[in-house]
Every structure is written in structure tokens, then in C-alpha cells.
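Visitor: Could you walk me through this one? I'm new to it and would like to ask things as they come up.
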Amino acid sequence: MLVKQILLTIIGLSSGILVAGGLFGFIVSLGVISDFADRTHSGNRIRLYERALALGGSLGNVIDLFGIPMPVGRWLLAVFGIFAGVFVGGWAMALAETLNVFPIFMRRAKLVGCIPYIILSIAIGKGIGSLIYFWFGW
Amino acid sequence: MSVSNNILYIKGDQSVEVTKRDVTLGDLVTMECSQQNVVSKLKTIKVMKIPEKGQHRFVVSILKIIELIHKEYPNLEVQSYGSPDIIVTYENQQQNNRLWQICKIAFVTLTTFLGSAFAIITFNNDSGVPEIFDNIYELIIGTTQKSFPILELGYSVGLVVGILVFFNHFGKKKISVDPTPIEVEMRLYENDIQTTVIAEYARKGQELDVGETNTTDNHRT
């Protein structure tokens, strides 16, 4: 029995370590955080952002896996929603950027002048898509 | 002045931030010459004056700098070991509102904190971690009725260890002397920005270079 418990511990530990490396490596190399830091001219605070990232990941995981109730009320929930949305929005666009979606389309369609409109319509489109998703419970 | 068979070595960073509107050679490049008075004289030579209104970013070609040096010392041999193009950005000190900066930092910190919590939750659900754990329990102890969530506990500890090792620091303590992954990523991002700015200015003919009058007229677009 003890052997099995030890085995389970080892499996849990090692899968946790690798998942952390994979997921956070993905987030970092997409450049979401460095984008945010650059926009706000706070490249000197990167350590702080890394700490927030590490803490958020660890706590989010524990809360999720163990189903810890978080009675924080409606307003803090709205705050969580907004910030999670900003993060995922930045993430999604960083992913598109990394895959060179924009340069390829700009070159093919010769759309240089209308970049701001394209970006705006992507943002609005994603927002509407997300609303529809939650509204109809797809 | 008769400074012959002397070599002046100059080295400039790709990106320079200035806080005064009068930009001198000493702001843009570091210089070394066997005759010290040459360097101290050259350091004070004015390269340009950044206008109060409008553009606050310029790209200066190293040739322009060498030209300025040659105006002062025509016989001096100049060797550059730095970037061939230097981005000069004027940062107005008064514009940097401290409170606003703190707000922005708080915003990014909250986004990364809550965002990464959200990211790991979506990851766990996406890849069906609880179901996989049930399968592992079934495989090893023969039942999903666990008395103690040892696998979840191990996974959570492992996740924390993995994150800390990945980011290479714990609180203020660094695990190794290497820069952290986001520091590396940030540097790459800045390099991309600098390369883009230089290419853009050169293409538009807005680079401060030799042999032109700093207008866009005589250039193809």
C-alpha cells in the first residue's frame, strides 16, 4: 500500500513539474508578459510579474483541483473576469502574432493602410464571439 | 589641429534614451583615443536638437557621427565597434507621472496573477486532468475511491516546483545566475522593435545620415 502511495506521489510530482514547464514556457515564449511590460514601460518590474505569474498559477491550480470554495462576492468575481479576459485576449493575439498570421495576410492582400481597422475588428469580433458563446451556452 | 596617425575608437548602443533636448556625441557613443583631450573635446559636440513638439525619436547613422568627428579632426582615423545605427529616444521626465506608472504596474501584475490562475484552470479542464487522475488511481490502487488526494497533492507541489525552477527565482533569491525567461524574452522583443525602427526610418529616408539634407524628398518610398 505504501509503495502505491509513493508511486502516486512520484507520478503527481513529476507530472506537475513538467506541466508547469510546458504551460508557463508556452505563456512566456508567446511574449504576452513582455508585451504588457513593454506597453507600460515597466521592463524593470519583470521580476514582479514573474512572481505574480508563479503565484497565480500555483494558487489557481490548488483552487481548481481541490475545489476550494472562494466566497469573494460578485464584484471581485467581475474583477477576476476582466483581468482573466485581458490576459486571454493578449494571449490569443500573441499566438496569432507568433504564427505570422498578420504579415502573411498583409503581404498577400496588400493591406497596409488599414491595419488599425483590422485590429479593431478582430477585437470586436472576438468580444462578440465570446458573448455569444456564453449567452447561448455553447 | 594636427592629430595624425591617431585612431579614435567609438562604440554606440543600438538604443539610447536621452533626457536633455540637446544631444551631444558623448550621449550617443563612448569614445577612446590615446589623446584624452580629443575625447573630451568631441564629447561636447552637438549632434542635434530635439524639437519640443512632434517627433521624439530619431535614428542616427554612425556615418553621420563620423562626419561630425571629421569636421573637428579631419585627419583622425575613426573605428566604430558598435551599432551602425543608433536609435535616439527623447524621454520627457515630467511626462512620467509616478502615480500613473504605479497604476500601470499594478494592472499588469493583477493581469498576470489572475490570468495565470485562469490559464492553469483552463489547462487542467482542457486536458481533463481530474479524469486522468481517476484513471491513474484505478490503475494503481484499483479504485477511484481515494481516502487521501495524494496524486492531486503531488501534482500541486510539483507544479509549484516546476514554476519556480522555470522562472529561476524564488522571491528575491535567484536559483542560478542566468537571466530569467521573461528577461530573455523581453530582450528579444526589444531587439525586434529596434531592428524594425531602424529599418522603417532607413526606408522612409528619415535616418540622420551623411550626404543628404535630412528630408524625405530625395528618396524612393
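Visitor: Which domains does the assignment give for chain B?
Guide: The domain assignment gives domain 1 (7–95) and domain 2 (168–206) of chain B, with bounds that come from an automatic or database domain assignment. This is a predicted model, in which local features need pLDDT of at least 70, side-chain atom pairs count only at pLDDT 80 or more, and totals for chains, interfaces and linings use all residues. Residues are numbered from 1 along each chain as its sequence is written, while chains are lettered from A and ligands numbered from 1 in the order in which they are written.

Visitor: What separates the centres of those two domains of chain B, and how many residues does the contact take from each?
Guide: Taken over C-alpha atoms, the centres of domain 1 and domain 2 of chain B are separated by 23 Å. The contact takes 5 residues from domain 1 of chain B and 4 residues from domain 2 of chain B, where two residues are in contact if their C-beta atoms, placed from the backbone, lie within 7 Å.

Visitor: And how does chain A divide?
Guide: Chain A is divided into domain 1 (1–68) and domain 2 (72–138), and 5 residues of domain 1 of chain A are in contact with 5 residues of domain 2 of chain A. Helix 2 of chain A gives the most to the side of domain 1 that touches domain 2, with 3 residues.

Visitor: Switching topic, how many helices and strands are in chain B?
Guide: Chain B has 7 helices and 10 strands, which are DSSP runs numbered from the N terminus, helices being H or I of at least four residues and strands E of at least two.

Visitor: What order do the strands of the open sheet have?
Guide: The open sheet of 3 strands in chain B has the order 4-1-7, with mixed pairing, and two strands pair if DSSP finds at least two bridges between them. Strand 4 (29–33) and strand 7 (77–80) of chain B each have a single partner strand and stand at the edges, so one side of each is left without a neighbour in the sheet.

Visitor: In which sense do strand 1 and strand 7 of chain B pair?
Guide: Strand 1 (residues 7–12) and strand 7 of chain B pair in the parallel sense over 4 bridges, and B:Leu8 stands opposite B:Val78 in strand 7 of chain B.

Visitor: Now the cores: which residues have the most contacts inside the largest nonpolar core?
Guide: They are A:Ala20, A:Phe24, A:Ile33, A:Tyr49 and B:Ile163, in a core of 42 residues. A nonpolar core is a set of buried Ala, Val, Leu, Ile, Met, Phe, Trp, Tyr and Cys residues joined through C-beta atoms within 7 Å, and a residue is buried if 20 or more other C-beta atoms, placed from the backbone, lie within 10 Å of its own. Helix 1 (2–30) of chain A gives the most to this core, with 10 residues.

Visitor: Where does this core lie relative to the domains of chain A?
Guide: Domain 1 and domain 2 of chain A both give residues to this core, so it lies between them.

Visitor: What does B:Ile163 touch?
Guide: Not counting residues up to four places away in sequence, B:Ile163 touches A:Ala20, A:Phe24, A:Ala54, A:Gly57 and A:Ser58.

Visitor: How many residues does the contact take from chain A and from chain B?
Guide: The contact takes 57 residues from chain A and 47 residues from chain B, and helix 1 of chain A gives the most to the side of chain A that touches chain B, with 22 residues.

Definitions and conventions: A residue is buried if 20 or more other C-beta atoms lie within 10 Å of its own, exposed if 12 or fewer, and partly exposed in between; C-beta atoms are placed from the backbone.
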